[in-house]
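Here is a short tour of a protein chain for anyone meeting it for the first time. Have a look around before reading on.

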Amino acid sequence: MTVGGGRIPPGSTESLTSDHDLLRWMGSRFEEFGDIYRASLHGTSAYVIRDPRYAEHILRGNWQNYAKGRAIKRIALLLGGGLMASEGERWKRQRRMIQPAFRRDAIAALLPLITAANAELLGSWTRSAQRKADVDVTRDVSATTLKIVLVSIFGEDYEHIGTHCNLLTDETARNLAFAHAFGHLQPLMLEVMARRRQRKAASADILGMLMNARDRDTGRAMSDRQLVDEIKTLIVAGHETTAGTLGWIWYLLSQNPAVEDRLAKELDIIPACEPSLDGLTRLAYTRQIIEEALRLYPPGWLVTRRALSDDRLGDYLVPANTEIYIPIYFIQRHPGLWEHPDRFDPDRFGPDPVQARQRLAMLPFSAGPRNCIGELFARVALQIHVTTIAKCLRLRYFAAQPPEIDAGINLRSRHNFIMRPELRASTG
């Protein structure tokens, strides 16, 4: 179809008004219409794309023409006006002020904390292995990840905040009721900040870095409201993406014993000492496993944008105000980009295949200026967890049915992963 001198993508008149089965709905239409189609989603005209060239244009090439899409309103209701929901100059200012907390040296300083939390979990799962008892992997990795995130943010004030954050692991829904309950943390955060200002004590944790950050143009600090919104965003985003991915990793390893054996051989050659960032980079196969899990189950599976002005995607016209849905899940399982796209194969991420891959065929942390600010933190946390646990244990999954995907704000398993840890003997 041609409108106003530009082609309009194919599509159907069927309208989707619920997120109940959005993932399956999108997938069936890619099969019918190809890599781009138009649809009515929640009463709004939208394009849905899975061609990485289109994603490259929207997220990198012409990113300034694309604001956050309608889906961000749901995030803003939950988390306020933090980095994930902000736009324009406000976003640029906040991104510059927050970025130092996630630089390489800042992440390196967190390694002892991340290592200690996972060592504690290893001890718990080892005792379960000795008793031949099952563990709730979803619950346990969620609690461990949440503790890492909270201690990274609040440091010595973790004890004042930690017990009030249990709703993040106890409640799975991310709705208005959750937003209301999570909002009760605000007075506690303000109390922590007021106490720190009164003591005039410098803190090296993330909260301390954000409190000390100054806008480079005005010299102003963040307001208390902005600090609270940023901290809430970091807690939820930092916790849920990492925890969800770990559950999928353990499930995938349990279903692929040859991969699990190869991982064990790589880990047997490393000494039992505190990891370093350089040391983690040398564990190539461990990183390939994590990358392949992120490909199959990207935690932030859907990115949305809204065109501010008319644009083009290849031969297609994008009228101003068109919503663009970029389901990362389908780009990373595109049959034209990946051989056997639904198969778990970490060798896809060996050096040669990576060099030959199309840009943005992989974008589990989004891409462009608005990519995930905590990507390095997440990757380090994932790798330390896998190396700590897999060096000593295997996890067995005995459920008769494969897990079901719950494609909400994050991509999760609909049911918790209940698994049996087993002690493994060294192959070295």
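Two residues are in contact when they have heavy atoms within 4.5 Å of each other. By that rule, among the contacts in the protein chain between residues at least 6 apart in sequence, 74% join residues at least 24 apart.

A word on where this comes from: it's a predicted model, in which local features need pLDDT of at least 70 and side-chain atom pairs count only at pLDDT 80 or more, while totals for chains, interfaces and linings use all residues. Residues are numbered from 1 along each chain as its sequence is written, and side-chain values use heavy atoms, with hydrogens and water left out.

**The whole chain**

The protein chain has 19 helices and 15 strands; these are DSSP runs, numbered from the N terminus, with helices being H or I of at least four residues and strands E of at least two. Along its principal axes, the C-alpha trace spans about 65 × 55 × 40 Å. A compact globule of 428 residues would have a radius of gyration near 22 Å, and the chain's 22 Å agrees with that. That radius is taken over C-alpha atoms, and the globule rule is 2.2 Å times the number of residues to the power 0.38.

Of the 428 residues, 53% are buried. Buried means under 20% relative accessible area, exposed means over 50%, and partly exposed is in between (1.4 Å probe, protein chains only). The accessible surface comes to about 19700 Å², and 50% of it belongs to carbon and sulfur atoms. Areas like these come from the Shrake-Rupley method with a 1.4 Å probe, and for residues only the protein chains shown count as cover.

Six strands make an open sheet in the order 3-4-5-11-8-6, with mixed pairing. Strand 3 (11–16) and strand 6 (66–68) are at the edges with a single partner strand each, so one side of each has no neighbour in the sheet. From one strand to the next, the twist averages 35°. Two strands count as paired if DSSP finds at least two bridges between them.

| Strands | Sense | Bridges |
|---|---|---|
| Strand 5 (residues 44–49) and strand 11 | parallel | three bridges |
| Strand 8 (residues 302–307) and strand 11 | antiparallel | five bridges |
| Strand 6 and strand 8 | antiparallel | three bridges |

Let's zoom in on strand 11 (residues 323–327). Five of its five residues are buried, so the rest of the structure largely encloses it. In a regular strand, side chains alternate between the two faces of the sheet. Here both faces are covered: Glu323, Tyr325 and Pro327 are buried on one side, and Ile324 and Ile326 are buried on the other. Ile324 is the bridge partner of Tyr47, while Ile326 has Val303 opposite. Further along the sheet, Ala67 stands opposite Arg306 in strand 8.

Helix 1 (residues 22–33) packs on this sheet, touching strand 3, strand 4 (36–41), strand 5, strand 8 and strand 11, and its direction makes about 140° with that of strand 4. Angles here run from 0 to 180 degrees between N-to-C directions, and axes are lines fitted to C-alpha atoms, for helices over the stretch in contact.

Three strands form another open sheet, in the order 7-15-12, with antiparallel pairing. Strand 7 (135–136) and strand 12 (393–396) each have a single partner strand, so one side of each is left without a neighbour in the sheet. Strand 12 pairs with strand 15 (residues 418–423) over four bridges, and Arg394 stands opposite Glu422. Helix 6 (residues 111–131) lies across strand 7, strand 12 and strand 15, at about 85° to strand 15.

How do helix 14 (residues 257–268) and helix 16 (residues 284–296) meet? Their axes come within 8 Å and cross at roughly 145°. Val259, Arg262, Leu263, Glu266 and Leu267 in helix 14 meet Ala284, Tyr285, Thr286 and Ile289 in helix 16.

Thr245 lies in helix 13 (residues 224–255) and is buried, with a relative accessible area of 2%. Not counting residues up to four places away in sequence, Thr245 touches Leu294, Pro299 and Leu382.

Met211, in helix 12 (residues 206–212), is also buried, at 13% relative accessible area. Leaving aside neighbours within four places in sequence, Met211 contacts Met193, Arg196, Arg197, Ala221 and Leu227.
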